[in-house]
Amino acid sequence: DGKISTKDRAHIDPSAYDRYMMDRNRMRAHAVLVGAQTLRTFKKPATIDRKRYQIVRKARRLNPQPINVVVARHVDFDASWDFFRDPRVERVLVVPEKTPESVLKPFHTLAHVFKYDDHKRDDWPEQTIEYLKKLGCKSLLIEGGGGIIFPWVERNLIDEWNITVVPKVIGGEGAPTMVEGEGFDVEHIRQYRLKACKRKGSEVF
């Protein structure tokens, strides 16, 4: 039914094959981007589990783990979370320019901190891209949540979608969808082309 979680934002465990596909997608990306709510929920970095994919990345002269990027309007994180303590992961916090340094101080030694221009906040995705390029990032995987994804769709910055369809119904007005935000009117609906699909058990990838 298009929902990605329940109305109370409960975590739904992926299938083994879906987790494999997630690892494969992360292997291809220089960085993985999530929103602040995703970090608050999981408190740990987006990493690659499979050793062979880590080896592939090393062969490509990349860190075995992707750069982890978090976009946050309000920084209310705990520096003791696993996300900030995992030595394998390079981290980036993307925050508004007005964010007080007193709030950011505990994180300067744990992550790169990028402040986007408040006066141009609508184009924070483009500003983030330009910053990540300076870190050598050439491909970005946006894992969500839905509120984070919408600005990228709106500004036509998505090159490829990787979607898993499962035979489940969650329902509920408050349950999040893959793309939240303002939405589009009928004249501006974004159109894409199906490149490939694969059935595995009861799931379609």
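Visitor: Is aspartate 18 buried or exposed, and how far away is the nearest side chain of opposite charge?
Guide: In this predicted model, aspartate 18 is buried.

Visitor: Which helix is aspartate 18 found in?
Guide: Aspartate 18 belongs to helix H1.

Visitor: And what is aspartate 18 in contact with, leaving aside its neighbours within four places in sequence?
Guide: With those neighbours set aside, aspartate 18 contacts Thr164, Glu203 and Phe205.

Visitor: Moving on to H3: which residues are buried there?
Guide: In helix H3, residues 51-59, the buried ones are Tyr53, Gln54 and Arg57. They cover an arc of only 105° around the axis, so they sit on the same side of H3. Helix H1 (16-28) is included in what covers them.

Visitor: What does the face turned away from the buried side of H3 carry?
Guide: That face has the exposed residues Lys51, Ile55, Lys58 and Ala59. After H3 comes arginine 61, with a positive phi near 65°.

Visitor: Now the sheet. What order do the five strands have?
Guide: The order is S4-S3-S2-S1-S5, in an open sheet with parallel pairing. Strand S4 (112-116) and strand S5 (140-144) are the edge strands, each pairing on one side only. On average, neighbouring strands are turned by 25° against each other, direction ignored.

Visitor: How many bridges join S1 to S2?
Guide: Five bridges link strand S1 (residues 31-35) with strand S2 (residues 67-71). For example, alanine 31 has isoleucine 67 as its bridge partner in S2.

Visitor: Which strands does helix H7 lie across?
Guide: H7 (residues 146-154) lies across S1, S2 and S5, and runs at about 135° to S5.

Methods: Residues numbered from 1 in each chain as written. Predicted model: local features only at pLDDT ≥ 70, side-chain atom pairs only at ≥ 80, totals over all residues. Heavy atoms only, no water. Buried < 20%, exposed > 50% of the residue type's maximum accessible area, 1.4 Å probe, protein only. Helix = DSSP H or I, 4+ residues; strand = E, 2+ residues; numbered from the N terminus. Arc of directions from axis to C-beta. Contact = heavy atoms within 4.5 Å. Lys, Arg positive; Asp, Glu negative; His and termini not counted. Salt bridge = Lys/Arg side-chain N within 4 Å of Asp/Glu carboxyl O. Pairing = 2+ DSSP bridges. Axes fitted to C-alpha atoms, helices over the stretch in contact; angles between N-to-C directions.
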